[in-house]
Every structure is written in structure tokens, then in C-alpha cells.
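The sequence and the model are shown first, and the description follows.

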Amino acid sequence: MWPSDGKTQSKAESGLIERAGVGAALGEGRVSEEAWIEVIHRMDEVYADLVRNQLELEEKNGALEDAQHFIDSVLSSMTDILIVCDLDGRIVRVNAGAERIIGGAATALRQVFAPESKILTDIFASRILTGATINDVEAAIQSQDGSTVPMSVNCAPQHDHQGRLVGFVLIGRPMGELRRAFAELDQAHRKLTRTQQQLVAAEKMAALGQLVAGVAHELNNPISFVFGNLHALNRYGETLTRYLDQVAACETPEDVTRLKDNAAIRRITGDIRPLIEGTLEGAQRVSEIVQDLRRFSSSQKEEADHFNLVRLAQTASDWVVKSARTKPAITIEPEGPLEVKTLQRSVHQIIVNFVQNSVDVLKARADGRIDITCRVEAGWGRVTVCDNGPGVKPDHLNRIFEPFFTTKAVGEGTGLGLYVSYNLAQELGGRIEVENRGEGGACFTLYFPCQGCADG
């Protein structure tokens with residue numbers, strides 16, 4: 001008798017035993033002992049297969065139960081609501097988040113959403129049936145206490161294992177949470193914007209501190225010229241006052257003529273106009289430098305204006321180079337004016353940062369050279385600042401515009417100059433590009449849209 005483990009025998013096992021019994025009945029007296037042993041061995045193999053299949057089935061069933069428990073735990077942990085429906089809108093399954101809001105009485109999707117909800121129209125207008133998805137649709141869900149809860153709902157089609165469309169899945173998140181998240185995001189963005197503005201202002205002040213010597217030199221030349229002219233005009237004024245007093249005392253025209261020749265009045269009257277014009281020119285130059293300083297350091301919003309791009313590049317480079325200990329040679333092209341219209345202060349600060357960067361890398365070279373090229377092509381202004389320094393390392397090219405990234409020693413740079421320049425270029429609607437020159441050195445190029453400017 002084959003031992004039984006208390007379970008129902010399989011069809012294969014029953015058939016094998018039946019055939020063995022029939023064979024024994026038909027061939028009684030003819031079946032050898034070896035045949036019976038072979039039958040028993042075959043039955044052992046069949047039973048071993050049955051036991052192995054039983055174990056595999058139990059293992060797969062355990063894995064399936066674990067997967068089901070995992071899915072249930074994930075669904076119950078979701079704060080968003082999840083509703084699974086068939087193609088007719090009948091609810092097949094909901095998660096714990098949905099049960100807390102809609103309860104367990106709702107059996108159809110039309111009982112979940114308010115009748116005027118747009119998402120019902122979208123779903124039952126065959127949008128889902130065509131395989132489309134519904135993203136971020138605002139819908140009001142009717143809670144079990146009778147109130148409505150505004151939700152942001154997403155809906156996607158559901159397919160079975162054969163790829164057939166069997167229903168759709170809806171996921172919703174209360175709008176209150178989204179509004180709170182958007183408010184926090186907006187607050188973080190505002191804070192980031194303020195911080196960026198503070199960084200720009202701080203970089204301006206740091207750059208201005210470095211440029212003080214150059215700006216002082218720029219101011220000293222026209223102020224000295226004005227002072228010299230005013231001293232000459234003061235002496236001429238004293239001479240003219242004495243002359244007028246003496247003229248009043250003259251008795252004849254001949255005395256007046258003789259007095260005029262002796263006092264060199266003709267030379268004085270010939271010098272007064274050039275002295276006044278030169279003084280006005282010097283005062284105008286001082287005024288322009290002061291305006292440049294105010295424009296450079298101001299944090300107020302600026303309007304686009306027409307200005308001479310070449311002169312702006314000349315002013316920016318002079319400020320930097322004249323305050324540097326090692327003064328590289330500067331060339332600027334073209335030599336004539338080049339009128340553009342954009343935010344002058346932003347372009348000025350970017351050029352100052354470019355030139356300052358080149359001056360810093362050239363401080364150890366006696367043959368340092370900086371070439372500045374200004375162009376306008378197809379409605380775009382372009383300023384390129386190139387030097388003959390060591391260039392930018394290849395592994396630094398992708399990081400050079402990151403905030404606080406610097407290759408300078410501690411205390412020699414903040415790492416904000418190029419970062420601020422990059423953001424200013426974006427405010428202009430332009431961009432900054434950097435590349436290494438084949439003959440050595442680096443080139444930084446500012447591109448910005450130029451309103452109503454002729455190519456040059």
C-alpha cells in the first residue's frame with residue numbers, strides 16, 4: 001500500500017496506480033518482481049514531483065500574499081485619495097485616504113464628485129477610452145458629511161495583463177495642501193530673489209572697493225584741469241578789475257589805449273573763452289564719471305537707454321586697470337562710437353567683472369594684454385574680453401558660473417563676479433559664453449538683444 005499524506009491524490013497518481021492494478025490483474029502469474037519494483041520507482045518519482053510542485057506553489061502563494069500586503073500598506077499610507085473604477089464608472093477599489101473622505105457607501109463615480117465637476121465630463125466623453133490622461137483638473141469631491149472638498153485630480157486608463165482597457169484610476173490631492181505648497185514655494189522664491197539681489201549689491205560694493213583707485217584717477221584728471229583753469233581765470237579777473245579801475249581814472253582815449261597795451265588785455269580776452277570751454281568740458285567729464293558711479297552702484301530698477309558701447313567699455317576697463325598694481329595693455333575695437341540700447345548699468349558691471357577677472361589672471365605677467373571687441377550684428381550686441389593668460393581649465397568650464405566658485409586663494413575673491421554677471425546677462429535677455437583661445441588665454445563674451453541698433 002502506498003503511504004498517504006492525507007491529501008487527495010492527483011489524476012496522474014491515480015491513473016498510474018490504476019494501470020498498475022490492472023496490469024497486475026491481467027498479468028497475474030506473469031509479472032516479474034522487477035516489474036513491480038519499476039512501478040514503485042515510477043510512483044516515487046511522481047510523488048516527489050507532486051511534493052516539489054506543492055512547495056513551489058506554497059512559496060509563490062506566500063510571495064503573492066507579501067506583495068498584496070505591501071500594496072495594501074502603501075495604499076493605506078497614501079495621503080492622496082485613490083479610486084479605481086471600471087469602464088462604466090463603478091468603483092472597484094478605494095484606498096484608506098479616499099474612505100476617510102467619501103466613506104464606504106459610494107459605489108459609483110458619479111456619487112463621488114459634484115454633478116457639475118468637469119472631470120466627469122472629461123472621463124465619460126471618452127477621453128480615457130482613447131488612452132489619454134487627465135492631469136491636474138480641479139474637482140469638488142462630496143465628503144460623507146455632506147460638504148465638498150476641492151481636489152486636484154489626475155486620471156489615467158487601467159489595462160489588464162493582456163493590455164485590454166478595463167477601467168481607470170483617479171488620484172486626488174486636496175487643494176489646501178497644494179495651495180500651502182505653492183505658498184511655501186513662492187515664499188522660497190521671493191527669499192531667493194532677495195538673496196540674489198543682495199549678492200548683486202554686495203558684489204557691486206566689492207568691485208567698487210577695488211575700483212576706487214582707478215575711479216579716483218579718472219576724477220583727478222578733469223578736476224585738476226578745472227582747478228588750473230579756475231586759478232588762471234581768477235588771476236585774469238584780478239587783472240581786469242585793476243584795468244577797469246585805471247580806465248575810470250584815464251582822461252583821454254590815448255591813455256586808455258596805452259593802458260590796454262600795458263596790461264595785455266588782448267591776450268587775456270583771447271584766453272578767456274578757451275579757459276571757460278575747457279573748464280566746462282572738465283566739469284562735464286566729472287559729471288559723467290559721477291553718473292557712471294551712481295549707475296554702477298545703484299540698486300534701483302533701470303530702464304533701457306541709448307549709450308555708446310565703446311565708451312562704456314573704455315570707462316569700465318580704465319576703472320579696473322588704473323587701480324591694478326600690474327597694468328596690462330588694453331586694446332578696444334572699434335575706435336569710433338557704437339550706439340546700442342539696453343540696460344547700461346548691467347552691461348557696465350558685466351564688462352567690469354570680465355576685465356577684473358582678466359587683470360587678476362595676468363598679475364604675474366609683464367606682457368599681459370587684454371583685447372576688448374564690441375560689435376552689433378543682426379539685432380544683437382556683443383562684447384568680447386580676451387586675455388593672454390593661462391586660460392580656463394577644462395574641468396572648470398562647467399562650474400565657472402556657479403556661486404562662490406573661485407580658483408583664487410582664500411581672501412582674494414568671493415567667487416561671485418561671474419555668477420552675478422551670468423544672472424545680469426539673463427536679465428538682459430542674453431547670455432555669456434566662455435572659451436579658451438588656441439594661442440593661449442580665455443575669452444568671455446556677452447551677448448544681449450539690442451533694440452533698434454544698426455550693425456557695426
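A salt bridge is counted here where a side-chain nitrogen of Lys or Arg lies within 4 Å of a carboxyl oxygen of Asp or Glu. The structure is a predicted model, and a search of the whole of it finds 14 salt bridges. In general, side chains of opposite charge can pair when their charged atoms come close.

**Salt bridges**

| Nitrogen partner | Oxygen partner | Distance, N to O |
|---|---|---|
| R52 | D49 | 2.2 Å |
| R375 | E333 | 4.0 Å |
| R382 | E377 | 3.5 Å |

R375 and E333 connect distant parts of the chain: R375 belongs to strand β9 (residues 369-377) and E333 to strand β7 (residues 329-333), with the two residues 42 apart. R375 is partly exposed because its relative accessible area is 24%, between the limits of 20% and 50%. E333 is likewise partly exposed, with a relative accessible area of 44%.

The pair R52 and D49 has another setting. Both residues lie in helix α2 (residues 33-77), 3 residues apart, which is about one turn of the helix. R52 has 41% relative accessibility and therefore counts as partly exposed; D49, at 35%, also counts as partly exposed.

In the pair R382 and E377, the side chains meet in a salt bridge. E377 has 43% relative accessibility, so this residue counts as partly exposed. Elsewhere, salt bridges that share partners join R369, D371, R437 and E439 into one network.

**A nonpolar patch**

Helix α2 also holds I71. Together with F70 and V74, I71 forms a nonpolar patch on the surface, and the accessible area of the three together is about 280 Å². I71 counts as partly exposed because its relative accessibility is 40%.

Is strand β1 (residues 81-86) mostly covered or mostly open? It is mostly covered, as 6 of its 6 residues are buried. In a regular strand the side chains alternate between the two faces of the sheet. In β1, I81, I83 and C85 point one way, while L82, V84 and D86 point the other way, and all of them are buried.

Which strands pair with β1? One partner is strand β5 (residues 165-174), which pairs with β1 in the antiparallel sense over 6 bridges. Within this pairing, C85 stands opposite F168 in β5. Strand β2 (residues 91-94) also runs antiparallel to β1, and 3 bridges join the two. Here I83 stands opposite V94 in β2. The hairpin formed by β1 and β2 has 4 residues between the strands, and G89 takes a positive phi near 85 degrees in it.

**The loop residue N95**

N95 is found in the loop between β2 and α3 (96-102). Is N95 buried or exposed? N95 counts as buried because its relative accessibility is 2%, and the limit for a buried residue is under 20%. A polar atom of the N95 side chain lies 3.0 Å from the backbone nitrogen of A98. Leaving aside residues up to four places away in sequence, N95 touches L75, M78, D80, I81 and L82.

Note on methods. Residues are numbered from 1 along each chain as its sequence is written. This is a predicted model: local features need pLDDT of at least 70, side-chain atom pairs count only at pLDDT 80 or more; totals for chains, interfaces and linings use all residues. Side-chain values use heavy atoms; hydrogens and water are left out. Buried means under 20% relative accessible area, exposed over 50%, partly exposed in between (1.4 Å probe, protein chains only). Two strands pair if DSSP finds at least two bridges between them. A polar contact is a pair of N or O atoms within 3.5 Å; within protein, one must be able to donate a hydrogen and the other to accept it, and residues adjacent in sequence count only if both atoms are side-chain atoms. Contact means heavy atoms within 4.5 Å. Patches are made of residues with over 30% relative accessible area and no salt bridge: like charges are joined within 9 Å, nonpolar side chains (Val, Leu, Ile, Met, Phe, Trp, Tyr) within 5 Å. Accessible areas come from the Shrake-Rupley method with a 1.4 Å probe; for residues, only the protein chains shown count as cover.
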